[in-house]
Amino acid sequence: MKELKTFFSTIKQGIIGIVFPDICICCGQEALQHGHHICPFCLEKRFEYSNAENTASTSDVILPEAVQMQYALWNFDKGGLLQNLMHHLKYERLTGIGHQLGKALARCVKSNTLVQPDVLKHESLLIPVPLHYLKFRKRGFNQAFSIAKGIKDVLSIPICSIDTVRRTKYTQSQTGFSLQKRINNMSNAFSVAHPNRIKGKTLIIVDDVFTTGATSFELAKTLNEAGASPIFIWTIAQA
Ligand SMILES: [Zn+2]
């Protein structure tokens, strides 16, 4: 009986392997570790790392007062493999992609003393940028939350309860918007439902891509007004 079970299990795994081969969604290389979606080369060597020499920000964007530091793991490659990877992360419902990327980001933060702020010394919380509930329903998951889970696994920083901060404004995709239009679009987009959970705490806003900062800066402002400080922004890529 046991042998029969093993036999069917092997066949099942074989079929799954044919239908969903363990290939890197980024470069197509086969034979990944089961449950992984990105190969070690793409995770460690394929993309250009951001310049973390500047301790305040890895981008050229001027930070608002509420934000102590902005850090992105990689520089965006418009039309390239990273853009493709970010698309998979957002729309493929494969939460394991975000988890792997979050772990890669956390490992870099851990090994780089310049970007390792006081977050590890204080009581800190990860805040994945919330999605509006209609968008969440449509997409089925929040990619920022998957990234945060990866960070948590490496740095042991807890994720703030998801009902703490809400996205109260439904916004269309901001692609192609001017900076001013993005800022207007995001104005009053978030609200803090439980300020007691974040008051006086160090917060790390987690998202997939940092572009102009319109989204994460608006969230930082809302969190800061609710009493949170200092606030950091960590993303996988920056445009
Ligand atoms: Zn790869």
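Helices (H or I, at least four residues) and strands (E, at least two) are DSSP runs, numbered from the N terminus. The model is predicted, so local features need pLDDT of at least 70 and side-chain atom pairs count only at pLDDT 80 or more, while totals for chains, interfaces and linings use all residues. Residues are numbered from 1 along each chain as its sequence is written, and side-chain values use heavy atoms, leaving out hydrogens and water.

P158 has a relative accessible area of 38% and is therefore partly exposed (buried is under 20%, exposed over 50%, partly exposed in between, with a 1.4 Å probe and protein chains only). Apart from neighbours within four places in sequence, P158 is in contact (heavy atoms within 4.5 Å) with S124, L125, L126 and K152.

## The nonpolar core

Now look inside. A nonpolar core is a set of buried Ala, Val, Leu, Ile, Met, Phe, Trp, Tyr and Cys residues joined through side-chain atoms within 4.5 Å. The largest one here has 40 residues, and I38, Y71, W74, L85, L101, I151 and W234 have the most contacts inside it. Among the elements giving two or more residues to this core are β1 (67–75), α4 (95–111) and α6 (143–155). Helix α4 provides the largest share, seven residues.

Finally, find α7 (residues 179–186) and α8 (residues 214–225), whose axes come within 9 Å and cross at roughly 40° (axes are lines fitted to C-alpha atoms, for helices over the stretch in contact, and angles run from 0 to 180 degrees between N-to-C directions). The contact is made by R182, I183 and M186 of α7 and A214, T215 and E218 of α8.
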